[in-house]
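Hi everyone, thanks for coming. Let me put the sequence and the model up on the screen, and then we can walk through it together.

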Amino acid sequence: MTLKLPDLPYAYDALQPFMSAETLEFHHDKHHLAYVDNGNKALAGTKYENMSLEEICASAFADKNAPIINNVGQHWNHLHFWQWMKKGGGGKKLPGKLQTLVDEAGGFDKVRNDFIEAGKGQFGSGWAWLAIKNGKLEVQKTPNGENPLMHGSTPILGCDVWEHSYYIDYRNARPKYLEAWFDNLVNWEHVESLMG
Ligand code: MN3
């Protein structure tokens with residue numbers, strides 16, 4: 001497969017004041033593009049070329065193939081990261097199937113708190129996640145380009161805690177970014193669409 005940079009599903013300034021146009025221009029146009037270009041170089045002529053993105057993530061992690069894990073993993077992560085946000089997102093009102101899953105995991109406030117703590121606690125670059133494992137919601141964190149597909153679970157929400165995701169708008173205040181992101185940007189419909 002050939003990786004392609006998608007267009008953002010909204011204007012660059014749509015997520016202000018919580019995420020600036022400048023952040024999205026750098027993050028989407030430069031960082032995501034670099035993962036696409038480097039991922040295509042790493043995939044060329046390998047067994048991974050005929051796999052789906054999800055299969056590549058799991059297989060490359062089992063193979064300890066760092067260039068694929070990092071670049072194709074980050075491509076999958078960013079494809080969804082853009083869709084995990086929307087103008088006027090956030091809030092406690094969840095779609096029904098997702099609400100049930102969150103209630104079974106201890107309720108919205110617990111899940112929100114655990115997710116933000118996971119993002120704060122990820123040392124260095126990485127991601128905070130909500131994922132489904134054996135039918136249950138789990139809060140996870142991963143370093144660098146890794147994602148829950150590589151650890152046998154299904155990611156349904158991820159927040160990028162690499163500095164490139166927040167440094168322009170929040171400087172070093174990762175906790176402020178995580179709270180603003182969760183409370184004002186999350187597109188819960190896309191989260192539910194990944195529940196399968
Ligand atoms: Mn990023």
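Some housekeeping before that. This is a predicted model, where local features need pLDDT of at least 70, side-chain atom pairs count only at pLDDT 80 or more, and totals for chains, interfaces and linings use all residues. Residues are numbered from 1 along each chain as its sequence is written, and side-chain values use heavy atoms, with hydrogens and water left out.

So, the domains. The protein is divided into domain 1, residues 21–83, and domain 2, residues 96–193; those bounds come from an automatic or database domain assignment. Taken over C-alpha atoms, the centres of the two domains are 19 Å apart. Across the boundary, 20 residues of domain 1 are in contact with 22 residues of domain 2, where contact means heavy atoms within 4.5 Å.

What sits in the largest nonpolar core? It has 60 residues, and M85, I156, L157, Y177 and W181 are those with the most contacts inside it. Helix α3, residues 66–83, gives the most to this core, with 7 residues. Domain 1 and domain 2 both give residues to the core, so it lies between them. By nonpolar core I mean a set of buried Ala, Val, Leu, Ile, Met, Phe, Trp, Tyr and Cys residues joined through side-chain atoms within 4.5 Å. Buried means under 20% relative accessible area, exposed means over 50%, and partly exposed is in between, with a 1.4 Å probe and protein chains only. As background, in soluble globular proteins nonpolar side chains tend to be buried together.

Not counting residues up to four places away in sequence, L157 touches W84, F115, A128, W129, L130, W181, F182, V186, W188 and V191.

Now helix α5, residues 108–121. Helices here are DSSP runs of H or I with at least four residues, strands are runs of E with at least two, and both are numbered from the N terminus. At 1.5 Å a residue, the 14 residues of α5 should span 20 Å, and its end C-alpha atoms are 20 Å apart, which agrees. That expected span is 1.5 Å times one less than the number of residues. Which residues of α5 are buried? They are F108, V111, F115, I116, A118 and G119.

After α4 comes G106, with a positive phi near 115°.

On to the strands. Q140 is in strand β2, residues 136–143. Is Q140 buried or exposed? It is buried, with a relative accessible area of 13%. Its side chain makes a polar contact with the side chain of S153 at 3.1 Å. A polar contact is a pair of N or O atoms within 3.5 Å; within protein, one must be able to donate a hydrogen and the other to accept it, and residues adjacent in sequence count only if both atoms are side-chain atoms.

P155, in strand β3, is buried at 2% relative accessibility. P155 and W129 are 26 residues apart along the chain, and their C-alpha atoms are separated by 6.7 Å.

S20 is buried, at 14% relative accessible area, and its side chain makes a polar contact with the side chain of D169 at 2.7 Å.

Last, some backbone details to check on screen. A cis peptide bond joins Q16 and P17, with omega about 5°. K64, in the loop between α2 and α3, has a positive phi of about 55° although it is not a glycine, and it is exposed at 72%. N134, in the loop between β1 and β2, has a positive phi of about 50° and is not a glycine either; N134 is exposed, at 76%.
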